[in-house]
Amino acid sequence: MKIFDKFRDLEQLFDSVNNSKVTIVSAFASGTESIIKNLATTNKVELIIGTINSFSPPKYIENLIELKAENLSLYMDFRYGMSTHWKLYLIEPDIVLIGSANFTSLGVSLKRDTLVRIDSEELYRQYISKVENLKSESLVINSESKEFNHKFNLYKRSFIESQSANQAGKTKSNLQTWLADDHNQAIPLFIWDSDLEPEDEKQAFTLIKDKEPEVESKENYRLSKYECKPNKLPYLESSLVISMNEKGSYATFERFDRILYKDGVHYLYSFKGKRKNAPFDIAEIATGLKLVVNELYENEQTVLYRENIEIALKK
């Protein structure tokens, strides 16, 4: 038995595995695409990800699918609150690693987590049997199956709701503290590319005046708009977002206090004078955002993922 409390322990183990089967079961996962890619080059890899609190970024799942690695079998446990909460790593024929480390970049860094390595063929077989039982659950679905896309699309919405709720409850700290919490995976992103037309301002005021009688003028709110079908809107009412223009200027935390829809347009109202909690000071990444905003804008990205924030911080 051996305690793993440094990433090099885990890294050296993964590097030494060849022509074997690697099974990973994790409550959630993110930022570990390169590990999967390297393992799947010479090994059969099976990855099962839970959906408790919908913490795993959909982009992470999409990145793994886009790898098109023949040796990778990817599953998601779509039982949400009842889904797997394991942090389990199995390497054929006899290596079992179990502990607190989710299969995330922060988790496997072992900066705050630990794993115990146990070399036991019997224990390996017992856990493989439990994994097979887990895969037999009707809502544990392979990414290549027909029903996966439908479940995954529903999960994407759940992820937005989860992250929006998570950020809404944050009190202002600093970015390093935010990054130290693995639950913080994304913040909704709103990039605007032009000022609103007078007709939009007029329509928006007519709509909000009927819903919010206390709104006496256009000076009571900041207005944005987003054109899409009602079920395609990537923002939630009361959600906290990072807002900026297409050049990365005027970056700020914004809260869409009210969202109203008419004729293909969502009007996003941020009421002035309301206290808006922010998880960290946007100034910490404002310069970096200007250097990456072109890519974000061209990709029509409506979520700023953890890795985007880490890149902006380093710029």
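Biologist: What do S6 and S7 form, and how many residues stand between them?

Modeller: S6 and S7 form a hairpin with three residues between them. The strands are DSSP runs of E of at least two residues, and helices are runs of H or I of at least four residues, both numbered from the N terminus. The model is predicted, so local features need pLDDT of at least 70 and side-chain atom pairs count only at pLDDT 80 or more, whereas totals for chains, interfaces and linings use all residues. Residues are numbered from 1 along each chain as its sequence is written, and side-chain values use heavy atoms, with hydrogens and water left out.

Biologist: Why is S6 called largely enclosed?

Modeller: Buried means under 20% relative accessible area, exposed over 50%, and partly exposed in between, with a 1.4 Å probe and protein chains only. Five of the five residues of S6 are buried, so the rest of the structure largely encloses this strand. In a regular strand, side chains alternate between the two faces of the sheet. Both faces of S6 are covered, with Lys87, Tyr89 and Ile91 buried on one side and Leu88 and Leu90 buried on the other.

Biologist: What makes serine 243 buried or exposed?

Modeller: Serine 243 has a relative accessible area of 1%, so it is buried. This residue lies in strand S13 and stands opposite threonine 252 in S14. Contact means heavy atoms within 4.5 Å. Not counting residues up to four places away in sequence, serine 243 touches Phe190, Trp192, Arg222, Tyr250, Ala251, Thr252 and Glu254.

Biologist: Which strands make up the open sheet, and in what order?

Modeller: Four strands form the open sheet, in the order S14-S13-S11-S17, with mixed pairing. Strand S14 (252-256) and strand S17 (303-305) are the edge strands, since each pairs on one side only. From one strand to the next, the twist averages 45°. S13 (residues 239-245) and S14 pair antiparallel over five bridges.

Biologist: How is the packing of helix H3 on H6 described?

Modeller: Two packed helices are described by the angle between their axes and the distance between the axes. Helix H3 (residues 58-67) and H6 pack at an angle of about 150°, with their axes 10 Å apart. The axes are lines fitted to C-alpha atoms, for helices over the stretch in contact, and angles run from 0 to 180 degrees between N-to-C directions. Pro58, Ile61, Glu62 and Ile65 of H3 meet Phe148, Phe152, Tyr155, Lys156 and Phe159 of H6.

Biologist: What places the buried residues of H1 on the same side?

Modeller: The buried residues of helix H1 (residues 7-16) are Asp9, Leu10, Leu13 and Phe14. They cover an arc of only 125° around the axis, which puts them on the same side of H1; the arc is that of the directions from the helix axis to the C-beta atoms. The face turned away from that side carries the exposed residues Gln12, Asp15 and Ser16.

Biologist: What lets one say that the buried residues of H10 line one face?

Modeller: In helix H10 (residues 306-314), the buried residues are Arg306, Asn308, Ile309 and Ala312. Seen down the axis, they fall within an arc of 160°, so they line one face of H10. Their cover includes H4, H7, S11, helix H9 (283-298) and S17.

Biologist: How do you know whether tryptophan 178 is buried or exposed?

Modeller: The relative accessible area of tryptophan 178 is 3%, so this residue is buried. Tryptophan 178 is placed in helix H7 (residues 175-179). Leaving aside neighbours within four places in sequence, its contacts include Pro279, Phe280, Arg306 and Ile309.

Terms used:
Two strands pair if DSSP finds at least two bridges between them.
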